[in-house]
Amino acid sequence: MEMLSKKATCKSHGQDSSYFLGWQEYEKNPFNEDRNPLGIIQMGLAENQLSFDLLESWLARNPDATMFGSNGGSIFKELALFQDYHGLQTFKTELVEFMAEIRRNKVRFDPQKLVLTAGATSANETLMFCLAEPGEAFLIPTPYYPGFDRDLKWRTGVKIVPIHCSSLNGFRITKAALDEAYDEALKLNLRVKGVFITNPSNPLGTTMNQDEFNHVISFAVSKNIHIVSDEIYAGTVFDSSKFTSIIEAIMDRNLEKTDIWSRIHVVSSLSKDLGLPGFRIGMIYSNNETLIAAATKMSSFGLVSSQTQYLLSKLLGDKKFTRHYIQENQRRLKKRQQVLVSGLQSYGIPCLKSNAGLFCWVDMRNLLSSNAFEAEMELWKKILYEVGLNISPGSSCHCTEPGWFRVCFANMSQETLNLSIHRLQAFVTSNGDGNYQNQKLSTRISRRNSLVVS
């Protein structure tokens, strides 16, 4: 056997989580309307495909952006040759203006305090390298995105201690939960370096309220620790309260001239807001000059290509387009979310009230055979293998209550979503009898073209 490093044989990547296992099963038997209509529908991917037509129409109107054209000439050579790891200044300037627009210009960003990374995954890991030593801890509210077990822990050696939130208050962060998590870290002899929040929340699809901000900020001030706010879904807020950034919340409390100001760090991306995960555009924003300098050096391990930066600087520079895109994308997300929520509720499956994101946090507790995580896994396997839907069980998100699932709705066509809802409805009406699929599903699929869920 060849000798490999401990990192190469480390099992803490999280790839054996049910979240990733569901993806693997989907890839073996992917749904296709024509070639594989009985295949598994991917509802475990938080991807935004609802506004792709807007992006494609912009590209069609602006061919110079993709052809390296500028003022009648070509800048191919300029883009192809060496770029330092600070990124293209024009792109960073347009990027911070786009970030401000999403936040209703309540927060302004300085491009000099921005670090470009190859996606939010890289941004989050880079922040952990900069903020904590191996064996030190960050507190994270549950439920949280399963990928954080990989992004924050795998290579950095940083520990995650959960802040356990409850369905009794809609999984809101409380002072008691923060204190309990901190005490738990101390029992484990872990030094707590910060609180890591996701706002809007993945998987809840909710934005933080004023009480939660106050709890987290006061806690961080009292413990003299950092706050990392992953705001990757900021542009997906489609209903009720508007999005508030952690920076705005700090400013509302007039804390800009206090120590906490340099301990606030924001992660953002264009993967969800613009639906461009393949472009790998992530970013770190911080008022901490030392951190920005270190993160900029680290970014050389995951740079964004110059051609991507150039193309998107042109797109984001079209302010009329970006304002229209943000509004229209939010309108489509709201409409799509309502289709999923109403379709499930009509068959007695409630969802947590949400106002953001590309997914719903779905309550299937009444479908469990018992109030245990074994029953959740049993139900998940039925839905995966028999119903043909890959959804993410709450246990993969470290939820402490069995029976919750994250269900994505923006990575498929309206017709496929309708079919997904109908499959679940058929499952519920059959009382979870696994034999229902052969009896009923094929006829329901044949009717999918006329199916409308309102």
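**Figure 1. Buried residues of helix α1 in the predicted model.** In helix α1, which runs over residues 18-28, the buried residues are Ser-18, Tyr-19, Phe-20, Gly-22 and Glu-25. The structure shown here and in the other views is a predicted model. Among the elements that cover these buried residues of α1 are the helices α7 (148-154) and α14 (373-387), together with β12 (389-390), β13 (392-393) and β14 (404-408).

Figure 2. Gln-425 belongs to helix α15, which comprises residues 414-429. Because its relative accessibility is 7%, and buried means under 20%, Gln-425 counts as buried. The side chain of Gln-425 makes a polar contact with the side chain of His-422, at 3.2 Å. When neighbours within four places in sequence are set aside, Gln-425 is in contact with Gly-343, Ser-346 and Tyr-347.

**Figure 3. The protein chain as the setting for the close-up views.** The protein chain has 16 helices and 14 strands. Its radius of gyration is 22 Å, close to the 22 Å that the globule rule gives for 454 residues, so the chain is as compact as a globular protein of that length. The C-alpha trace spans about 65 × 60 × 55 Å along its principal axes, and 56% of the 454 residues count as buried. Of the contacts in the chain with a separation of 6 or more, 74% are between residues 24 or more positions apart.

Figure 4. The protein chain exposes about 20000 Å², of which carbon and sulfur atoms supply 51%.

Note on methods:
Residues are numbered from 1 along each chain as its sequence is written. This is a predicted model: local features need pLDDT of at least 70, side-chain atom pairs count only at pLDDT 80 or more; totals for chains, interfaces and linings use all residues. Side-chain values use heavy atoms; hydrogens and water are left out. Helices (H or I, at least four residues) and strands (E, at least two) are DSSP runs, numbered from the N terminus. Buried means under 20% relative accessible area, exposed over 50%, partly exposed in between (1.4 Å probe, protein chains only). A polar contact is a pair of N or O atoms within 3.5 Å; within protein, one must be able to donate a hydrogen and the other to accept it, and residues adjacent in sequence count only if both atoms are side-chain atoms. Contact means heavy atoms within 4.5 Å. The radius of gyration is taken over C-alpha atoms; the globule rule is 2.2 Å times the number of residues to the power 0.38. Accessible areas come from the Shrake-Rupley method with a 1.4 Å probe; for residues, only the protein chains shown count as cover.
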